[in-house]
Amino acid sequence: MLLTATLFAPLVGAVLVALVPASRQESARLVALVASLATLALAVVLAARFRTGEAGFQLGMTAEWVPAFGVSYRVGVDGVSLPLVLLTTVLTPLAIAGSWRMTDRPRTYLALLLVLETAMMGVFVSLDLFLFYIFWEAVLVPAYFLIGSFGGQRRVYAAVKFFVYTLLGGLLMLVGIIALFWLHQKATGTPTFDYEALVNFQKAPSTQRWLFLAFFAAFAVKTPLWPFHTWLPDAYTEAPTTTTVLLAGVMSKLGVYGFLRFALPLFPDGAHWAQPVLLTLAVVGILYCALVATVQRDFKTLVAYSSVSHLGFIVLGIFAFNIQGLQGGVFYMVAHGLVIGGLFFITGMLEERRGTRRIEDFGGLQQVVPRMAAVMLVITLGSVALPGLVGFVGEFLTLLGAFLENRVYAVLATGGVILGAVYLLWAYQRMWHGRLERDENRALGDLTGREWAILAPLVAAIIVLGLFPRPVLERVEPSARRVVEQTQAPSP
Amino acid sequence: MLFGQRLRALAGWIATLAVAAAFVIAVAALFELLSHSGEERTQVLRGYEWITSGDLRVAFDLRWDPLSALMALIVTGVSSLIHLYSIGYMEHDERRETFFSWLNLFVASMLVLVLAQNFLVMFLGWEGVGLCSYLLVGFWFNRRLLVVNPLGRLVPGEPDDTREVWAPPAAKKAFLANRIGDVGFLLAMFLIFATTGSLDFNVVFGEASTLAAGTATAIALLLFLACTGKSAQFPLYVWLPDAMAGPTPVSALIHAATMVTAGVFLVARTHTIFEASGTAQTVVVLVGAGTALLGALIAIGQDDIKKILAYSTISQLGYMFIGVGLGPIGYAAGMFHLVTHAFFKAQLFLGAGSVMHGNDEDTDIKHFGGLRSAMPITFWTTMAAWAAIIGVPLTAGFYSKDQVLAALFEHGGIGRLVWVVGVLTAGLTAFYMSRYVFLTFFGERRWPEGRHPHESPPLMTLPLIVLAVLALVAGFALSTFTGEGGRLQQFLEPVLGAPEDPEGAVLIVAFLVFRP
């Protein structure tokens, strides 16, 4: 029940926000913030009740929905989904706080953010494939409106591209889901979409391959995995920046989560069969997107490509099929969410002050806004995976896992850490170091109290989890290990 | 970092006292260590668990043994002196509290590096010092710093044709060059874990001799790649001369005495792995020798006082790598040179800073000349360090450099060839360092009108004096003429092993006779 409350609290909040009268749109902010903080509180209680050391799903709930088709409302969390739920509930209030100064229809905007939160969380906690699919596609609706209605100049193009691309992938996955359902019913006579039942259901290797491909379509686009990433730079750049925080911080995890939760355990033979391709695409994505990030002139697009590059590491770790890779991958999901959220928040803060995101429009900012510069440096170094910060733990474990599985891929990916430092430090140098050339930059104000309230928790988490990752790692471990075992399952 | 702006004036003193306290503790710990006998001189402190995943179990474990004790003493001791100096040097800088907090962060990271008991904690310190190098080199992020072109003409008072360089690109270059090396460190760690199942030194070094030759070579070469980055060896040395854009105390501490020696320390610490691979050892010696020669050659043509010293550091680091690359006969020699170099190079840099301080921050030696009367303390202390670096008999550099060369000669085979390179480089060293002191302190006055060169305040000259004294006596104190290679060798033996052939002394004497 607690989980369901956590899941739908944002939706309730969205309704409340929408009910705020039009004349008092500013109070919508307060309602939204309270709703998201309430959700966070529920999630914290959830985490406190979580029993570390157990591999299975906990704190869940099952209710019949459409018995004729075996669809049930079934939710639960395990070591893999709990950190992601927390990530979602932490980033959303921060995003709402970040949108405080928005004047264009704040009520609608915030309501959509809250709907997005419920939809994304739903993906993480669904244990019924039909329910999962509903939430999966439900994410598209608020995202489409957030990008298309509130975004930048090319927002409509970006939103449509994002929607169509992701929907296509999702439809192919739907075919796979239905096929799986049908195969199971044919074999056992029981209609069900239940996750556990379908995982335990033995499928022929050749069947697994097709089904894996079907699910791959959706997850590859959502992650995104190179070369299915082309919707992302436009969507992230055109979306309003606090939306991008949620898109990059949470929505991007849906794809990798999907691989981990569904594609691997449901179709282990298919996963093994596809492993070389996935590893290759991951490595190419890491290197290619890093190179493209280097030549970006818009800082937001640079961070967008950086995001894809880092997600490549996570995919690499997952498809190493060992405990280090999987545990590292999940940890890196959290780390990535924190760091990329921070990067986009500061991008938004700069944009609010200067109206531009082009790197060349800045320069020498450290003189004017030293505190912001310091925070930006910490977050940047977190992205560069400096040991002692959160990014390193994830990067080290995923690369180690990859190395234990296949040295060549790992060596290539490790070379990618150089590139990460190149484009981030170069951008930092051009924006924050050097002389103050432009007069427009002279009068910028340093971080306000509200902005500190947003950034401080992120920075604290980046540092603390970098040195003390154990609380997260030990909660992830049993469930990650379970996925490893499920993926090793011998073919019938 | 937190209260700096209110404590500004005190910041330097707080920082210095903290490091000095660390030094005192290190000395006390040293005596505690010495009270144990040889094999018991390794103490491991098991700390908090950091990362655990599957069979990987890494904790914040620390190790206190002669090697880490030596490094800790050097780091905290030399750093205390440089901190003291910095209080005077950075007196007028409005961000000096940030400077001191980063300087202390550096010392902390360096200590983590040398005290680590496993590769991952060492890597934490390794990257930590890289970060501090980035921060400190880029400290004057918006200041115009002139580049002095090499090999200019000596014309009194005439300005050189210079370009502007700023610190930030230099800082970025340092970080990136180090990052390339770090890829080597990461891959080495992966390979170590893949083959031994652990990253803990005790486990890994115990298994080192059982590694397949190819694996050992790969691990050693990957680690050495990291060393070329951190210790500015060919081909990743290019960041060090640019790093001179940082404040001079930073150059003295990070880019002379401590951070750049981390690579030498790494080879010494992981020597069992290198011993399992003759190929890797040969590579280390050859790269070290080549870099020593290259650094000396480039230094000859430099006109910027800090760049001369930077290339000199690259060259001297080459000597250290020759030492530790030779195997048991050379470890102590390499480490010995690390210690003496810390003293005389730090002195030279601080002396250069003193010269700059008294000359409107000019770094061009073509604008100096005849400064010995204007800055006597700087002059005499620099001469002491000059004597040490060129290896005047009885100074520190004499003992340490000759031990390296002796070990080379004794090694035989290719060692003899490299010995020729080593001796040649020693000659070049004498040349460019003499050029340095002659053009700066002797001869005609070439500084522009209106400049009044003056000696530096006591806060700055006191460390100069201490380091000069160390540069003169440390060699004698740590070594004797007896056969076992001296007190330092014996001290390090539990960690680094004894050389097989105790005839080093004979060769040292031979050198004295035959050296030009």
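Student: How many residues does each chain put into the contact between A and B?
Tutor: In this predicted model, chain A contributes 35 residues and chain B contributes 28 residues.

Student: Which elements of chain B are on the side that touches chain A?
Tutor: Those giving two or more residues are β2 (49–53), α4 (119–137) and α5 (167–196) of chain B.

Student: And which of them gives the most?
Tutor: That is α5(B), with 13 residues.

Student: What classes of residue are on that side of chain B?
Tutor: The side of chain B that touches chain A has 18 nonpolar residues, along with 6 polar and 4 charged ones.

Student: Switching to chain A. How many helices and strands does it have?
Tutor: Chain A has 20 helices and 2 strands.

Student: How much of chain A is buried?
Tutor: Buried residues are 62% of the 492. Of the contacts in chain A with a separation of 6 or more, 80% are between residues 24 or more positions apart.

Student: Now α14(A). What should it span?
Tutor: Helix α14 of chain A has 32 residues (residues 323–354), so at 1.5 Å a residue it should span 46 Å. The end C-alpha atoms are 46 Å apart, in agreement.

Student: Is α14(A) enclosed or open, and why?
Tutor: It is largely enclosed by the rest of the structure, because 28 of its 32 residues are buried.

Student: What comes just after α14(A)?
Tutor: A:G355, with a positive phi of about 75°.

Key: Residues numbered from 1 in each chain as written. Chains lettered and ligands numbered in written order. Predicted model: local features only at pLDDT ≥ 70, side-chain atom pairs only at ≥ 80, totals over all residues. Helix = DSSP H or I, 4+ residues; strand = E, 2+ residues; numbered from the N terminus. Expected span 1.5 Å × (residues − 1). Buried ≥ 20, exposed ≤ 12 C-beta atoms within 10 Å, placed from the backbone. Contact = placed C-beta atoms within 7 Å. Nonpolar A, V, L, I, M, F, W, Y, C, P; charged D, E, K, R; others polar.
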